[in-house]
Amino acid sequence: MRILVVEDEPTLQTQLRDAIAAAGHTVETAADGSTAQYLGQEEAFDAVVLDLGLPVVDGLTVLRHWRAGGRNMPVLILTARSAWHEKVMGMDAGADDYLAKPFHMEELLARLRALLRRLSPHSSAQWQCGSILLDTRQATVAVDGLPLVLTSHEFKILALLMQRVGEVLSRTELSEHLYPQDSERDSNTIEVFVGRLRKKLPAGSIETVRGLGYRLVPAPAESLP
């Protein structure tokens with residue numbers, strides 16, 4: 001998944017970025033409200049971790065701007081433990097959850113997983129599609145109970161396909177979720193990663209929709225007589 005982390009304290013921003021990336025996500029960062037407001041409005045994100053105490057533009061203003069502009073990605077706000085009124089104002093502004101500082105990183109990751117589950121047909125941290133089992137908490141994949149070794153890019157593509165099982169995802173959309181904004185995005189490499197995934201997954205798991213993209217089907221496609 002593609003996550004935006006908005007935090008102006010450099011050490012905490014780095015810790016958040018590294019922990020969320022280690023969980024198998026692509027992470028973008030912003031250190032002020034103006035940059036965050038622009039990124040959230042112009043780029044596609046699956047979820048946002050948003051500190052409210054930001055320079056230039058405060059987090060509440062950023063959140064209100066997103067919601068007024070129709071941006072409905074889940075937002076987890078970070079607040080000072082004593083600022084209970086910020087929690088209330090944040091939820092009223094359209095936040096989906098909040099976490100008070102200081103916090104344990106595992107709790108933040110758990111809350112983030114819960115927000116992402118709301119976007120998918122899966123109701124737990126383990127996502128099942130036919131014989132494929134993806135564990136979002138452990139960032140592991142198994143087929144018929146046997147562990148599957150995937151690269152980080154292969155895992156990210158499979159996770160997005162499983163989150164939106166049955167939907168057609170374009171190479172451009174997959175590329176945007178795979179590479180950070182400041183990286184060179186080449187949608188042609190998606191074809192390579194999908195090809196590698198196909199060799200590791202049950203036959204027919206990933207279907208090509210000509211001219212549109214790829215989708216994950218619940219079971220291998222059956223040949224017509």
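Start by selecting helix α2 (residues 33–42) and helix α3 (residues 59–68): their axes come within 9 Å and cross at roughly 20°. That makes α2 roughly parallel to α3 (angles under 35 degrees count as roughly parallel, over 145 as roughly antiparallel, 65 to 115 as roughly perpendicular and the rest as oblique). Axes are lines fitted to C-alpha atoms, for helices over the stretch in contact, with angles from 0 to 180 degrees between N-to-C directions. Helices (H or I, at least four residues) and strands (E, at least two) are DSSP runs, numbered from the N terminus.

The model is predicted: local features need pLDDT of at least 70, side-chain atom pairs count only at pLDDT 80 or more, and totals for chains, interfaces and linings use all residues. Residues are numbered from 1 along each chain as its sequence is written, and side-chain values use heavy atoms, without hydrogens and water.

Show side chains next. On α2, pick G33, A36, Q37, G40 and Q41; on α3, pick T61, V62, H65 and W66. These residues make the contact (heavy atoms within 4.5 Å). By class, the contact of α2 with α3 has three nonpolar, six polar and no charged residues. Here Ala, Val, Leu, Ile, Met, Phe, Trp, Tyr, Cys and Pro count as nonpolar, Asp, Glu, Lys and Arg as charged, and the others, Gly among them, as polar.

Move to helix α7 (residues 171–178) and helix α8 (residues 188–200). They pack at about 85°, axes 9 Å apart. The two are therefore roughly perpendicular. Select R171, L174, S175 and L178 in α7; they meet N188, I190, E191 and F193 in α8. This contact divides into four nonpolar, two polar and two charged residues.

Stay on α8. Its buried residues are I190, F193, V194 and L197 (buried is under 20% relative accessible area, exposed over 50%, partly exposed in between; 1.4 Å probe, protein chains only). Look down the axis of α8: the buried residues fall within an arc of 100°, so they line one face of the helix. The arc is that of the directions from the helix axis to the C-beta atoms.

Last stop: V143, in strand β8 (residues 140–143). V143 counts as buried, at 12% relative accessibility. Select S131, I132, L148, L201 and P202; V143 contacts them, leaving aside neighbours within four places in sequence. Finish with a distance: the C-alpha atoms of V143 and P202 are separated by 7.9 Å, though the residues are 59 apart along the chain.
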